[in-house]
Amino acid sequence: MKKKLAAISAALVVVLALTIALVACNEYKWQSIGAGDSSAEVQSNGGYAVRQGKYLYYVNGYDGTDADNTFGTPVKQAILRSEISEEGGKWTIDNSKTKVVVPKTVLYSSSNSDGGIAVFGEWIYYATPNYDKDKTGTASTTDVDFMRTRTDGAITQKIAKISGRDTKYLFTPSRILYISGTSVNYIDFSGMKTNKSIDNGSGAKTGTLAENVSGDVLWDMGLDRIFYVETVTGSDSFKNYNNLCSIKIDGTDKQTLATESTFLDENAKPEENPLSVFKYTLKTLLVETDAQGAKDVTLYYTKTHRKGESDASDGYFCAKASDIKGTEYRMFAEDSDVTANYPLGYSQGALLTINSSLYYIDGKDNPSDATFEQRLIVSGSTGGTPTVCYVDAQAKQAYYTSSSVTGLARISYDIEHPDNQALIFSEGIKTDWLKLDFIGTNLFFFATDDSNYVHFIDVKSPIYRQKDENDEDLKTPYVGLEREEDEGEEA
């Protein structure tokens with residue numbers, strides 16, 4: 001049976017011709033493309049593509065950092081909206097209904113794989129490079145504008161400008177958070193008017209959410225709080241510990257999850273028990289929901305303790321944020337060897353990249369008698385370090401990319417039922433920007449051999465990509481070879 005890999009790429013010259021003439025009086029004037037579905041559930045905020053109801057909003061490829069970013073000009077690397085037709089769980093995108101909703105370039109940063117677009121209600125939030133010129137006529141190479149556009153495209157607002165195109169940031173329904181030095185700052189836009197375009201951030205307020213921050217800050221668009229490590233200051237600054245903290249996005253309810261005394265016995269003195277006093281380094285988190293619908297956060301982190309004149313590693317750990325001391329367990333002894341972590345959950349463990357190879361480590365509630373060597377999933381010695389981008393937890397299968405795989409590969413991490421690596425599809429994938437994005441089982445990626453336009457494929461119905469060598473039209477869907485769904489090749 002023939003299967004298609006749909007290409008979401010559109011020239012949209014007609015749309016631009018109709019709208020470009022409207023820009024003169026209002027810097028952000030754009031023809032309305034019709035209302036979206038602002039009350040619908042949102043899926044996959046923070047990546048290439050976001051689904052809201054029957055609409056898909058996505059970054060239309062990669063065009064570099066030097067492209068013209070004048071409002072109304074960009075199409076490639078701008079934000080487009082398409083309608084999704086779904087039958088039997090399979091998507092179809094009709095490019096004839098695709099329209100430009102944000103004619104601005106989405107910020108590219110090779111240092112911020114978590115940057116991306118978000119949709120909250122009737123607004124699309126995005127970062128875009130600012131090329132304003134100084135008094136000498138030199139365009140900025142560092143400034144960033146945080147902006148939002150209504151989902152019909154009719155109103156666009158500049159919320160704020162910051163310096164630093166590699167800045168880590170998070171969109172929330174009322175605030176933008178971003179890292180500046182050792183602080184987490186916020187831009188609160190809840191006071192901005194919503195009935196007109198704004199080009200100067202009028203109504204937005206700025207401030208500091210957290211100070212003395214050390215290392216990475218962990219956050220998730222599905223949470224109302226962030227997690228971070230706080231450096232000890234003041235009279236305790238000479239001591240060898242730090243504080244593992246969280247705080248709500250609105251600045252309330254700051255909590256210290258672990259501190260100097262957390263792992264000490266009652267009445268024990270820190271200076272007499274250095275093996276039980278720690279410094280933490282956060283790595284990643286996973287939001288989990290139990291059978292009753294209650295949410296908790298599983299944190300993955302490393303710890304060190306003071307040994308003589310230096311810090312000694314205690315290993316790589318996992319714990320529930322609600323009770324660090326009571327739930328902590330060590331996943332791996334040498335934290336310095338772990339370079340990446342794909343969290344599976346407190347009970348399921350994680351996929352860890354250790355010395356360029358991929359390992360499965362059991363979770364707390366699923367102990368295994370297997371030795372560490374038996375948990376090897378993908379060996380880095382065969383070429384390239386695997387990067388996991390999607391996991392089918394029920395089937396215990398991981399989908400990954402690496403320099404030794406042209407496209408996407410799949411491997412089982414079920415110790416009891418291992419299988420060989422299978423090639424899901426063969427395609428050049430741009431991997432030096434945002435993390436590969438999934439909505440359900442649909443993978444979105446920039447296809448490098450098509451000038452970096454964005455495509456999608458359902459990884460549960462894999463195909464090999466095949467293009468007619470005489471077909472130059474990027475809007476034409478590509479037709480896959482016939483093959484059975486479960487077939488594959490050695491990667």
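This is a short chat about a predicted model of one chain.

Biologist: What should I know about the model first?
Modeller: The model is predicted, so local features need pLDDT of at least 70, side-chain atom pairs count only at pLDDT 80 or more, and totals for chains, interfaces and linings use all residues. Residues are numbered from 1 along each chain as its sequence is written, and side-chain values use heavy atoms, with hydrogens and water left out.

Biologist: How many helices and strands are in the chain?
Modeller: Two helices and 36 strands. These are DSSP runs, numbered from the N terminus: helices are H or I, at least four residues, and strands are E, at least two.

Biologist: What share of the chain is buried?
Modeller: Buried residues are 52% of the 491. Buried means under 20% relative accessible area, exposed over 50%, partly exposed in between (1.4 Å probe, protein chains only).

Biologist: Where does Gly181 lie?
Modeller: In the loop between strand E14 (175–180) and strand E15 (183–188).

Biologist: Is Gly181 buried or exposed?
Modeller: Exposed, with a relative accessible area of 70%. Its C-alpha atom is 8.3 Å from that of Val213, 32 residues apart along the chain.

Biologist: New topic. What do contacts in the chain look like?
Modeller: Take contacts (heavy atoms within 4.5 Å) between residues at least 6 apart in sequence: 49% join residues at least 24 apart.
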